[in-house]
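Let us walk through a protein model together, one step at a time. Keep the picture open beside you as you read.

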Amino acid sequence: AKQQGGNRYEFYHADMKLNTENILQLEMDLRRALEREELELYYQPQVDALSLKPVGAEALIRWNHATQGLISPASFIPLAEATGLIEALGDYALNQAIKQTAEWHKQGHQITIGINLSSKQFNQHTLIGQIQHAIEKNGLASQYIDLEITETLAMNDAEHNIAILNGLKALGVKLSIDDFGTGYSSLSYLHRFPVDHLKIDRAFVQNLDLETGQSLARTILAMAQSLQLTVIAEGIENTTQESFLQKHGCQILQGYKYGKPMQKEAFSDWLNHYNR
Ligand code: C2E
Ligand code: CA
Ligand code: CA
Ligand code: CA
């Protein structure tokens, strides 16, 4: 791919064709970004569904490109996966998120931190050691770490994944199935996974305005209850969605209604505001 009118954003498009040239360009830029700390974690509020008080945050990575400005992870995560840089990126996110959450704990905010794991990271045999190291170094109790893996990743080679999940679980961390409902779940595997939470995908929450969307959400919530899993719903933007989820036993809510992903300083302000 040729550079087009200096618009290098083209390089990071998720659906672009990968070729040697742009992979190398991306690798160089991303590697430099990691060194220069152009990558930054944003934190999105998670609240208790009934009290609407803070219970946690999801850490979401942003690339603050020197000339291109803020680049969405939807654009650069897939390419980071393809180039192998996802391992350094994932390691960075894991350590930053745990360090920052330990700081919030010292300030009296006992919140849980949701951390997204890529497929490569999940399958790295060094993952458990990395998490253990970050926990010890920062003095954060492991039960406040919630590792998110997507439903698609979890169900692909489920038998093998159960072993990895059990290893992670032995650290005392919480585990979530992310983007639940967007892939195929086998109930028998879901039942055997040592997971704590299901994160209902935003697509379902958006459909709560429709009758059919409501019955689907009710089914997911009932199933989660029977499996004794906590449900975190993503993408709540209005009161209709909020009321429905409260009424049907969803425990944790996340969405623009409570706060967009924000920088750590803004998230601290948000915590202090709600805990007055
Ligand atoms: P995800 O894990 O499903 O994260 C939730 C996405 O929904 C975030 O997009 C968040 O900003 C967005 N969202 C939350 N509430 C609302 C809402 O009310 N309305 C709307 N319109 N959107 C909402 P974001 O931050 O752009 O991240 C996109 C994806 O990139 C994430 O989806 C995740 O798959 C990936 N990602 C982000 N950070 C990391 C990371 O550190 N590591 C890995 N492996 N993946 C990451
Ligand atoms: Ca997630
Ligand atoms: Ca999600
Ligand atoms: Ca998603």
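Which residue bridges the calcium ion (ligand 3) and the calcium ion (ligand 2)? That residue is Asp178, and the two ions lie 4.0 Å apart.

Before we go on, a word about what you see. This is a predicted model, in which local features need pLDDT of at least 70 and side-chain atom pairs count only at pLDDT 80 or more, while totals for chains, interfaces and linings use all residues. Residues are numbered from 1 along each chain as its sequence is written, chains are lettered from A and ligands numbered from 1 in the order in which they are written, and side-chain values use heavy atoms, with hydrogens and water left out.

Let us start with the whole chain. Its secondary structure consists of twelve helices and nine strands; helices (H or I, at least four residues) and strands (E, at least two) are DSSP runs, numbered from the N terminus. Along the principal axes, the C-alpha atoms fill a box of roughly 50 × 40 × 40 Å. The radius of gyration is 19 Å, which agrees with the value near 19 Å for a compact globule of 276 residues. That radius is taken over C-alpha atoms, and the globule rule is 2.2 Å times the number of residues to the power 0.38.

How much of the chain is buried? Of its 276 residues, 50% count as buried, where buried means under 20% relative accessible area, exposed over 50%, and partly exposed in between (1.4 Å probe, protein chains only). Now look at contacts, meaning heavy atoms within 4.5 Å. Among contacts with a separation of 6 or more, 68% are between residues 24 or more positions apart.

Donors are N, O and S atoms within 2.8 Å of the metal (3.2 Å for Na, K and Ca); water is not among the atoms, so sites may look incomplete. Asn116 is partly exposed because its relative accessibility is 31%, whereas Asp178, at 6%, is buried.

The calcium ion (ligand 3) comes next. Asp178 (OD), Asp179 (OD), Glu234 (OE) and Glu234 (OE) are its protein donors, lying 2.3 to 2.8 Å away. In sequence, these donor residues are spaced D-D-x54-E.

Which residue coordinates both the calcium ion (ligand 4) and the calcium ion (ligand 3)? This time it is Asp179, and those two ions are 3.7 Å apart. The calcium ion (ligand 4) is coordinated by Asp179 (OD) and Asp179 (OD), at 2.9 to 3.0 Å. You can find Asp179 in strand S6 (residues 174–180), and with 24% relative accessibility it counts as partly exposed.

Finally, visit Asn138 in helix H5 (residues 127–138). Asn138 counts as buried because its relative accessibility is 14%. Leaving aside residues up to four places away in sequence, Asn138 touches Ile98, Lys99, Ala102 and Lys106.
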